[in-house]
Amino acid sequence: MASPRVWFITGTSSGFGKVMTELALNHGDVVVATLRKPGDLDNLSKRDEIVAAFEKARQLFGKIDIVFNNAGYGLIGEVEGTDEEVARRNFDTNFWGSANVTREALRFFREVNPPGYGGRLLVTSSECGIQGYPGYGYYCASKHAVEGLHDSLAKEIDPEWNIKLTLVEPGYFQTSSMTKVTANGAKLPPHPAYTKPTLPSAVMRAWSDSAQVGVGSDPVKGMKKVFELAAMPDPPLRFPIGADVIEVFSARSKALAETVEKFGSYSNNLELDK
């Protein structure tokens with residue numbers, strides 16, 4: 001009988017992390033769960049805490065099969081209206097926290113697990129890592145950074161390590177994460193220059209205020225699909241999940257193709273003169 005898979009999941013106090021923890025346990029797997037204290041949004045950027053958590057997993061179970069690198073939080077505020085310290089704190093969790101968990105996951109898969117055993121690394125990104133949204137500039141920037149880092153990393157990993165990396169790119173799901181971060185100051189007051197109700201950032205603010213209940217996809221259904229992803233023999237680098245993010249992918253692909261069609265000729269005949 002095969003031994004249960006060992007999951008290492010960050011951000012398990014709510015949202016996707018909590019749902020995935022319950023799914024894994026219900027399927028007979030083992031979970032090493034890390035919590036983000038609601039009042040301490042940036043603690044996951046501390047590399048020593050991340051290393052200690054992985055070491056505890058090694059002591060208890062001797063291996064990790066799947067890392068669900070999931071912790072993060074939203075930030076609503078115009079680019080001009082977001083204090084640098086607030087933006088940096090968001091990056092510390094969303095980007096540096098994610099990066100540090102990924103680095104330790106790679107080391108563990110390669111050097112602690114048996115040679116060639118490898119592992120699965122699932123990294124929560126967002127549709128905000130695919131395109132920007134007004135009023136979410138720094139949050140979108142943090143997710144674009146997550147995308148760029150892991151896209152590059154996927155091209156660096158030696159296939160012999162047998163490490164499979166996937167960016168999970170959810171659309172809008174009905175989780176408690178946004179209401180929790182709002183309570184912790186992640187929704188900033190409007191910048192005085194952006195209070196006109198017809199401006200895009202004001203429209204997005206109004207939408208976020210009304211979209212907390214009864215809107216979006218079901219997180220349990222979504223995480224069931226991600227759970228299936230974790231067992232795929234040949235998983236994709238990107239895994240968009242949710243009808244809205246599929247629309248974003250399609251629109252983004254179309255817009256890029258139209259840009260190339262319209263302006264591609266401007267790159268002709270730019271070679272150095274010989």
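Modeller: Residues count from 1 along each chain as its sequence is written. Because the model is predicted, local features need pLDDT of at least 70 and side-chain atom pairs 80 or more, while totals for chains, interfaces and linings use all residues, and side-chain values use heavy atoms, without hydrogens and water.

Colleague: What makes strand 2 and strand 6 edge strands?

Modeller: Strands are DSSP runs of E, at least two residues, and helices runs of H or I, at least four, numbered from the N terminus. Two strands pair if DSSP finds at least two bridges between them. The open sheet has six strands in the order 2-1-3-4-5-6, paired in parallel. Strand 2 (30–33) and strand 6 (238–241) each pair on one side only.

Colleague: How do you know that strand 1 and strand 3 pair?

Modeller: Strand 1 (residues 6–9) and strand 3 (residues 66–69) share three bridges, and pairing asks for at least two, so they qualify. Ile 9, for instance, has Phe 68 of strand 3 as its bridge partner.

Colleague: Why do you say that helix 8 packs on the sheet?

Modeller: Helix 8 (residues 243–263) touches strand 5 and strand 6, and contact means heavy atoms within 4.5 Å. Its direction makes about 125 degrees with that of strand 6; axes are lines fitted to C-alpha atoms, for helices over the stretch in contact, with angles from 0 to 180 degrees between N-to-C directions.

Colleague: Why is the pair of Phe 54 and Phe 108 called tilted?

Modeller: Rings of Phe, Tyr and Trp (its six-membered ring) pair if their centres lie within 6.5 Å; planes under 30 degrees apart are stacked, over 60 edge-to-face, and the rest tilted. Here the centres are 6.0 Å apart and the planes make 50 degrees, hence a tilted pair.

Colleague: What does that pair tie together?

Modeller: Phe 54 sits in helix 2 (residues 47–61) and Phe 108 in helix 3, so parts 54 residues apart in sequence are tied together. The whole structure holds seven aromatic pairs.
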